[in-house]
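Hi everyone, thanks for coming.

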Amino acid sequence: MTDLELQKMAVEVRKGIVTAVHGAKAGHPGGSLSAADVFTYLYFEEMNIDPKEPKKADRDRFVLSKGHTAPGLYSTLANRGFFPVEDLPTLRHIGSHLQGHPCVQHTPGIDASSGSLGQGISVAVGMALSAKLSNDSYRVYTLLGDGEIQEGQVWEAAMFAGHRKLDNLCVIVDNNGLQIDGKIEDVCSPYPISDKFQAFNFHVIDVADGNDMAQLRAAFTEAKQTKGQPTAIIMKTVKGKCVSFMENQVGWHGKAPNDEEYAIAMEDLKKAGEALCQK
Amino acid sequence: MSEVKKIATRESYGNALAELGKEADNLVVLDADLAEATKTGTFKKAFPDRHIDCGIAECNMMGIAAGLASTGKVPFVSSFAMFAAGRAFEQVRNSIGYPHLNVKIGATHAGISVGEDGASHQCNEDLALMRVIPGMVVINPSDDVEAKAAVRAAYAHEGPVYLRFGRLAAPVINDRPDYQFEIGKGVTLRDGKDLTLVATGLCVSGALEAAEKLAADGIDARVINIHTIKPIDEDLLVQAARETGEIITVEEHSVIGGLGGAVAEVLSEKYPAKMLRIGVQDTFGESGPAVKLLEKYGLDAAGIYQKVKAFHS
């Protein structure tokens, strides 16, 4: 897909996020929206996956270590054809396959159950190690929050991945700058993030705008070409991206829009989509 | 019971893995800088590519095991019970238990028989912690024969399994041609009609010895070996309660939440019986030679005998 096509798809993914969280009357829109572009890029451009065969052995794997942004992943999977988009408003409802956090047994296309922060990266490292042990060629991607990297387990996993030179592993940090209690640098600063991953023997790629498809494309292309060490993509993003009243607002980390807010959000996204159609 | 062969079940664990590794290409072994102590060194020597030392990072090791299992490997994750079940509890629960992944946790150095290292390393809580995780099979073998059989059974079982092994050499009590191991099936080692000793792990041999002493006093004790704490053999326990009345559990674990807890849960619902739970009371352990500690905490044959005698009279 072209960057423009991917941008348009990201708008659809964002609509799905807002719809899902509105339907759930709970959930995490902020970090889902900041990562909507990277979700879209991964599932529509980067990864070797097949919605008709979600468990195919040689597929690339994705672990959503920041599992609370499941609405972003669910909307992407739905738009990619893993299950109907109509399922999205059932998020968090009793009986729905869309659990509050990703569950491998419930949802087609989910490669790992996650949600307890810091754990997903270890699972991704295990998958990457597994591929190395049996000479499989699939790649493994994992997305972490910038608040999440306050968890010590992240660095246990990073140390191991660097030590084992897992060049089939790509760790992505969604640096939207906000966590529940405020700005990450005010709560417990993880900065400098890039230097830390570098110190753990990662090839580090800084992406100035992680909501820009061309920059994401360049980063993932470089990651794939990197041999002998794992890659960490540290991408600056905007939390709540594309929904006017949610952008950079810490309060929208884990809150659902009411009916009125939902209408405004969908209108924002409609306009964003129309603007792209003018290009 | 003179001249009985003694082997620590951690040795059995290492030996069983080295054997099984020859047949099972997908078996991998993980350690957190304790391969020397968990006795997986024999596997490491035979299959260096399939032995992964994760360094001193047990939480990450559990996650790595989850990733390996979800891509078709069968990981045996080794560490001390304290760190496998204790430190990494939430990783075991969320990364392994919740997705019901095919991970086997080989936890050595369980209980007070760790000895000199003391309370910080003596895990008397692991059976309780692991038992409460949905879908987790919990096995506590009593000797070398059973431990090796348990490793094979765990490999054959699809889903997460917690295996508990000890540091102290344990008498070999199951070395007989007709020995069979089946997950969830208790074994009646001695028949009796007056009461039943339900023992697990290291305490099974002590319970057998205690039963002999009781016999000399005219008390006919049944001895059941519960090697699988979960799923527990409910039928065998109910039958014992029905036929012998009194039930005494014996374990090298806290009396809260382990074998005693599990048996009490079953019997209180299905066949209420008079019970005594022998084990580590609500306390931490301490440093000392393992055998002396077992004596002090009343978990050797003499201690079991005395407690049962007082309870029965």
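This is a predicted model: local features need pLDDT of at least 70, side-chain atom pairs count only at pLDDT 80 or more; totals for chains, interfaces and linings use all residues.

What about the overall size of chain B? Its C-alpha atoms fill a box of roughly 55 × 40 × 40 Å along the principal axes. The radius of gyration is 18 Å, and that agrees with a compact globule, because 313 residues packed that way would give a value near 20 Å. Also, 61% of the residues of chain B count as buried. As for secondary structure, you'll find 13 helices and 14 strands in chain B.

Now, domains. Chain B is assigned domain 1, covering 6-171, and domain 2, covering 187-312. Their centres, taken over C-alpha atoms, sit 25 Å apart. Where they meet, 27 residues of domain 1 are in contact with 30 residues of domain 2. On the domain 1 side, the elements supplying at least two residues each include α7 (126-131) and α8 (144-156) of chain B. That side has 13 nonpolar, nine polar and five charged residues.

Last stop: how do the two chains touch? Here 19 residues of chain A are in contact with 22 residues of chain B. On chain A, α5 (120-133) and α6 (152-163) each supply at least two residues of the touching side, and α5(A) gives the largest share, nine residues. By class, the chain A side splits into ten nonpolar, eight polar and one charged.

That's my tour, thanks!

Terms used:
Residues are numbered from 1 along each chain as its sequence is written. Chains are lettered from A and ligands numbered from 1 in the order in which they are written. Two residues are in contact if their C-beta atoms, placed from the backbone, lie within 7 Å. Helices (H or I, at least four residues) and strands (E, at least two) are DSSP runs, numbered from the N terminus. Ala, Val, Leu, Ile, Met, Phe, Trp, Tyr, Cys and Pro count as nonpolar, Asp, Glu, Lys and Arg as charged, and the others, Gly among them, as polar. Domain bounds come from an automatic or database domain assignment. The radius of gyration is taken over C-alpha atoms; the globule rule is 2.2 Å times the number of residues to the power 0.38. A residue is buried if 20 or more other C-beta atoms lie within 10 Å of its own, exposed if 12 or fewer, and partly exposed in between; C-beta atoms are placed from the backbone.
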